[in-house]
Amino acid sequence: MDKKLQKSEKILDAALMLFSKQGFYATTIPDIAKAMGMSVGNIYNYFSSKEILAKEIIKYSSDILGAEIRKVNEEEGSAKDKIRKIVALYFEMATLKPQHINYFLRVYLANKEVFKEGCEGMICVSAFVTELMLFFEEGVARGELRNQDFFSAFGLFMGYLGGFVFLSGEGVLDKALNYYVDEISLNIYNALKQQ
């Protein structure tokens, strides 16, 4: 990996941490530069605006999560087993790298006006969405999952996951996220399975 790409990823990571903790509007380019030990001007050599940086972060996070789900998709196993692996993966990421999930929930979804140009629809999260789409298509083709509108299935799946991560982040759950993996996985599978 060349030095410019490495530096870009370090900026993305630093900005991701700040945006996910402070929010988009409360975080400034000088804040990011300070966290990086860089000048503000040097940050602009990599990203010409805070909005462009925000869009690159959601793509970056989507690529990371999408790559992990791709690994699950490439494994042998039933749809039920893969659902469990995806739930465990998502909860693990929310626990070990919460900035990625928090960014999605607290910045991307909460500040759609920032993402409306260049991130229409699900373009900026396509790596993640595509892998879930492939998972659903395979499950339907194998007769394990009901053939239904993608967004209905996606909303059900992500509603469970996002809801539990949110509850965990708010301190509402009395146990760690990984405690709920089996029960949530079974609920999702039962809601999606072929009758």
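Colleague: Which residues in α9 are buried?

Modeller: In α9, the buried residues are F150, A153, F154, F157, M158, L161, G162, F164 and V165; buried means under 20% relative accessible area, exposed means over 50%, and partly exposed is what lies in between, with a 1.4 Å probe and protein chains only. A helix here is a DSSP run of H or I with at least four residues, a strand is a run of E with at least two, and both are numbered from the N terminus. Please keep in mind that this is a predicted model, in which local features need pLDDT of at least 70 and side-chain atom pairs count only at pLDDT 80 or more, while totals for chains, interfaces and linings use all residues. Residues are numbered from 1 along each chain as its sequence is written, and side-chain values use heavy atoms, with hydrogens and water left out.

Colleague: What covers the buried residues of α9?

Modeller: The cover over them includes α5, α6, α8 and α10, judged by contact, which means heavy atoms within 4.5 Å.

Colleague: And what does V165 touch?

Modeller: V165, which sits in helix α9, is buried at a relative accessible area of 6%. Not counting residues up to four places away in sequence, V165 touches Y90, F91, A94, I101, L105 and L177.

Colleague: How many residues has α9, and how far does it reach?

Modeller: Helix α9 has 20 residues and reaches 28 Å from its first C-alpha to its last, close to the 28 Å expected at 1.5 Å a residue, where the expected span is 1.5 Å times one less than the number of residues. For α5, with 18 residues, the reach is 25 Å, close to an expected 26 Å.

Colleague: Staying with α5, which of its residues are buried?

Modeller: In α5, A79, K82, I83, I86, V87, L89, Y90, F91, M93 and A94 are buried. Their cover includes α4 (50-74), α6, α8 (126-141), α9 (150-169) and α10 (181-192).

Colleague: At what angle do the axes of α5 and α6 cross?

Modeller: The axes of α5 (residues 79-96) and α6 (residues 98-108) cross at roughly 100° and come within 5 Å; axes are lines fitted to C-alpha atoms, for helices over the stretch in contact, and the angles run from 0 to 180 degrees between N-to-C directions. The two helices are therefore roughly perpendicular to each other, a label for angles of 65 to 115 degrees, whereas under 35 counts as roughly parallel, over 145 as roughly antiparallel and the rest as oblique.

Colleague: Which residues meet there?

Modeller: From α5, Y90, M93, A94, T95 and L96 meet P98, H100 and I101 of α6. By class, this contact has six nonpolar, two polar and no charged residues, counting Ala, Val, Leu, Ile, Met, Phe, Trp, Tyr, Cys and Pro as nonpolar, Asp, Glu, Lys and Arg as charged, and the others, Gly among them, as polar.

Colleague: What about K97, buried or partly exposed?

Modeller: K97, placed in the loop between α5 and α6, is partly exposed, with a relative accessible area of 42%.

Colleague: New topic: where is S20 found, and in which helix?

Modeller: S20 is found in helix α1 (residues 3-22), and at 9% relative accessibility this residue counts as buried. Leaving aside neighbours within four places in sequence, S20 is in contact with Q99, N102, Y103, R106 and V107.

Colleague: Which residues does the disulfide join?

Modeller: A search of the whole structure finds one disulfide, and it joins C119 to C124 with an S to S distance of 1.8 Å; the criterion is a pair of cysteine sulfur atoms within 2.5 Å. The angle about the S-S bond is -75°, and the link of C119 and C124 is left-handed.

Colleague: Buried or exposed, those two cysteines?

Modeller: C119 is buried, with a relative accessible area of 3%, and C124 is buried too, at 2%.

Colleague: And what does G118 touch?

Modeller: Not counting residues up to four places away in sequence, G118 touches I123 and C124. G118 lies in the loop between α7 (112-115) and α8 and counts as partly exposed, at 40% relative accessibility.
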